[in-house]
Amino acid sequence: MPGVRVKTVRNSGSWTAEIAIPLSELKMDGGELRFNLCRERNIQGEKTEFSTWSPLAMLGNWHAHDNYGTLKFME
């Protein structure tokens, strides 16, 4: 995607990711964008842990956009 910027920072007990996407690159419907973040945590010797920002995405298929949250962009 043109104009996307990504920055990560690793600290002693955490890490941070910052992603900047130009609004012109997003396919929004009237200032709204369906949105979800997922995480897969793998620790040796433990069961893989899955989590998601939108609780509805935990129901059935994580790829079902209707189960995502909504980001609203306002001026």
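Student: Let's start with Trp 53. Buried, partly exposed or exposed?
Tutor: Trp 53 is partly exposed, because its relative accessible area is 44%. Keep in mind that this is a predicted model.

Student: How many aromatic pairs does a search of the whole structure find?
Tutor: The search finds one. The rings of Phe 35 and Trp 53 have centres 5.5 Å apart and planes at 70°, so they count as edge-to-face.

Student: Where do the two sit in the chain?
Tutor: Phe 35 is in strand β3, and Trp 53 is in the loop between β5 and β6.

Student: New topic. Where does Asn 36 lie?
Tutor: In the loop between β3 and β4. Asn 36 is buried, because its relative accessible area is 15% and the cut-off is under 20%.

Student: What does the side chain of Asn 36 contact?
Tutor: It makes a polar contact with the side chain of Thr 52, at 2.8 Å. The Asn 36 side chain also reaches the backbone nitrogen of Ser 54, at 3.0 Å.

Student: Which residues form the nonpolar patch on the surface?
Tutor: Met 1, Val 4, Val 6, Ile 19 and Ile 21. Together they have about 480 Å² of accessible area. Ile 21 sits in the loop between β2 and β3.

Student: Last one. What is the mean pLDDT of the protein chain?
Tutor: It is 85, and 92% of the residues reach 70 or more.

Key
Residues are numbered from 1 along each chain as its sequence is written. This is a predicted model: local features need pLDDT of at least 70, side-chain atom pairs count only at pLDDT 80 or more; totals for chains, interfaces and linings use all residues. Side-chain values use heavy atoms; hydrogens and water are left out. Patches are made of residues with over 30% relative accessible area and no salt bridge: like charges are joined within 9 Å, nonpolar side chains (Val, Leu, Ile, Met, Phe, Trp, Tyr) within 5 Å. Accessible areas come from the Shrake-Rupley method with a 1.4 Å probe; for residues, only the protein chains shown count as cover. A salt bridge is a side-chain nitrogen of Lys or Arg within 4 Å of a carboxyl oxygen of Asp or Glu. Helices (H or I, at least four residues) and strands (E, at least two) are DSSP runs, numbered from the N terminus. Buried means under 20% relative accessible area, exposed over 50%, partly exposed in between (1.4 Å probe, protein chains only). A polar contact is a pair of N or O atoms within 3.5 Å; within protein, one must be able to donate a hydrogen and the other to accept it, and residues adjacent in sequence count only if both atoms are side-chain atoms. pLDDT is the predictor's confidence in each residue, from 0 to 100. Rings of Phe, Tyr and Trp (its six-membered ring) pair if their centres lie within 6.5 Å; planes under 30 degrees apart count as stacked, over 60 as edge-to-face and the rest as tilted.
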